[in-house]
Amino acid sequence: MLPNSPFSASSRGRRGPARSRALLVVSSALVLVLAGSAAPALAASGTGTDPASGRAYYSSKTPYVPQETPAELQTAPAGFLPVYTESVARHGSRALSSFKYDSLTTQVWEQARSEGALTELGTTLGPEVQKLTAANQKLGYGNLTGQGATQHRGIGSRVVERLPSLFAGIDAGTDTVAVESSGEPRATASGKAFEQGLTQADPLIASHLPAAIAKRPDTLYFHKEDINADYQAYADSTKVSDAVDAIYAQPRSHEASREVLERIYTPAFVDRLAAGAYHFVDGGDGKTTVDNEVDAAMMLYNLYIIAPDMTEEVQVDFDRYFAGADAEWFAYLLDSDDFYGKGPAFAGSDITYKMATPLLTDFLDSIDARLAGSTTAATFRFAHAETIIPFAALIGLPGSTQPVTPDAPYSYATNDWRGETVTPMAANVQWDVFRDATGRAIVRMLYNEREIAFRASCTPIAPGSHFYDVSEVRRCITGLVADAPGAASDPADSATASSANGSATLAATGEDATERDLLIGLALALLTAGAGARLVRSARRSRSRL
């Protein structure tokens, strides 16, 4: 276990991106208050994000592509044979989570049609959404798609290809394979597809698989567990929503939204959307609304990014409504939700990822059990983005090591975190364990099937090697309190730093009292100026939806 840490927290579900925004001038003022003079650093375009490259910018809905083949991996040192493998994976490509984005996009489109405010391209949108909605209803909202099953069958087959002697040993003996899921249908379906991939590559393994996939919400759906109430309080706090709202409120959000919507609707209709003339409520749980042009564009963007995951269920074309630069910006907005809500988040705090500690403990303890004689030769776990994102931050995977501060917010220009690389559909982390005749055990890690190094504090068995002594991995990775992104080296140091900078911490939420006072002061000033009333109403609507 990690020392001196209450590694437990619970989460809200994925936050819908719909938010009410204030008038542009008021939004800009809020950004300046929250981010100081660092507003230019919020820009999405930056290193590695060239709209001319043809990238589609699907954020965390990016379909899975393995990053290496088994043949490209380093060979284990002489004398070492595989004795155990384990993994955790996000479910594969899925349908829309609920009748929300398609519902709201349809309502906006029908309103525009009733006003004669559709462009020629705009006339195509309604029928496309209808086809997508019908496909989701037939498959079931939130369920694994055919493509999602194919992704996990492929990963399962490649595990056998990567470790043929391990599976041959299982086939010849009495060892077993453990398969676990969060208990959610799409995660369990992903596990079943993975089992199909195993048996396609190794038919004899079928008799060593469990009769049913075990449900392990404690390690695979921890963000929903009651024990993680401190995380749930953080996720619902104004500290998170204010940081994300400041990003959404940037002028570029309004500009990109107009560029997208004016391909579909007349400028006058978009003007009315932007002015708040309409209020649309989703036809699902009624918790998501469209109140302006940014909301409307984000609803459409969520259809754009789910379409590539449903190619076996429906043929639709949402690409025509988005240019590369606009899609990139909306990917940035969506990524900001996950970054602050589940990822590296704020420097000095580990609230977003410490809840993944039971999963890490399970990884380490499962290896020790196998080396001590357990008959479980492989453990495969199936979960969600809400599992992978904190786990990636906890163990320091590439792209998940850089937190931010309030005066230097999350930005594509200055931070490597991307939903498309950290947690695409079927994202996975795999550890392979090898042992020699002397009993020495070593382990390597694959991230989306690419062989990668453990965090910098871990020393490999040789320079340039991707193999590490198991004891070294446990030693270095359980020193996470000091090494994890944003964590203080010692809890006492964290308290001292808080006292030194003069900011108090609010109970349960970890919210900075100074920031709260600053926001209250801004709201009062704006009210005095006559512009704040609308900002306050908009903020309240936003909070109620979150």
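**A pair of helices to start**

Analyst: Happy to! In this predicted model, helices H14 and H17 are roughly antiparallel to each other, because their crossing angle of roughly 155° is over 145.

User: Nice. Where do H14 and H17 sit in the chain, and within what distance do their axes come?

Analyst: H14 covers residues 357–371 and H17 covers residues 470–477. Their axes come within 11 Å, and the crossing is left-handed.

User: Which residues meet there?

Analyst: From H14 you have Leu360, Leu364, Asp365, Ile367, Asp368 and Leu371. On the H17 side they meet Val470, Val473, Arg474 and Ile477. By class, that contact of H14 with H17 has 7 nonpolar, no polar and 3 charged residues.

User: OK, another pair. At what angle do H10 and H13 pack?

Analyst: At about 130°, with the axes 10 Å apart. H10 spans residues 251–261 and H13 spans residues 324–342. That angle makes H10 oblique to H13, and the crossing of these two helices is left-handed.

User: And who touches whom between H10 and H13?

Analyst: Arg252, Ser253, Ala256, Ser257, Glu259 and Val260 in H10 meet Ala325, Asp326, Trp329, Phe330 and Leu333 in H13. The contact of H10 with H13 divides into 6 nonpolar, 2 polar and 3 charged residues.

User: Switching topic: where is Val314?

Analyst: Val314 lies in the loop between helix H12 (293–306) and H13.

User: Is Val314 buried or exposed?

Analyst: Buried: its relative accessible area is 11%, and the cut-off for buried is under 20%.

User: What does Val314 touch beyond its neighbours in sequence?

Analyst: Leaving out residues up to four places away in sequence, Val314 touches Lys131, Leu132 and Ala135. There is also Thr133, 181 residues away along the chain, with 9.7 Å between its C-alpha atom and that of Val314.

User: Now the big picture. How many helices and strands are there?

Analyst: The chain has 21 helices and 10 strands. Of its 546 residues, 56% count as buried. Among contacts between residues at least 6 apart in sequence, 81% join residues at least 24 apart.

User: What is the mean pLDDT of the chain?

Analyst: The mean pLDDT is 83, and 78% of the residues reach 70 or more.

User: Where does the pLDDT stay under 50?

Analyst: One such stretch is residues 1–52, for which the model has 176 contacts beyond four places in sequence. Residues 480–546 are also below 50, and that stretch has 112 contacts beyond near neighbours in sequence.

Definitions and conventions. Residues are numbered from 1 along each chain as its sequence is written. This is a predicted model: local features need pLDDT of at least 70, side-chain atom pairs count only at pLDDT 80 or more; totals for chains, interfaces and linings use all residues. Side-chain values use heavy atoms; hydrogens and water are left out. Axes are lines fitted to C-alpha atoms, for helices over the stretch in contact, and angles run from 0 to 180 degrees between N-to-C directions. Helices (H or I, at least four residues) and strands (E, at least two) are DSSP runs, numbered from the N terminus. Angles under 35 degrees count as roughly parallel, over 145 as roughly antiparallel, 65 to 115 as roughly perpendicular and the rest as oblique. A crossing is left-handed if the near helix is turned anticlockwise from the far one by less than a right angle, and right-handed if clockwise. Contact means heavy atoms within 4.5 Å. Ala, Val, Leu, Ile, Met, Phe, Trp, Tyr, Cys and Pro count as nonpolar, Asp, Glu, Lys and Arg as charged, and the others, Gly among them, as polar. pLDDT is the predictor's confidence in each residue, from 0 to 100. Buried means under 20% relative accessible area, exposed over 50%, partly exposed in between (1.4 Å probe, protein chains only).
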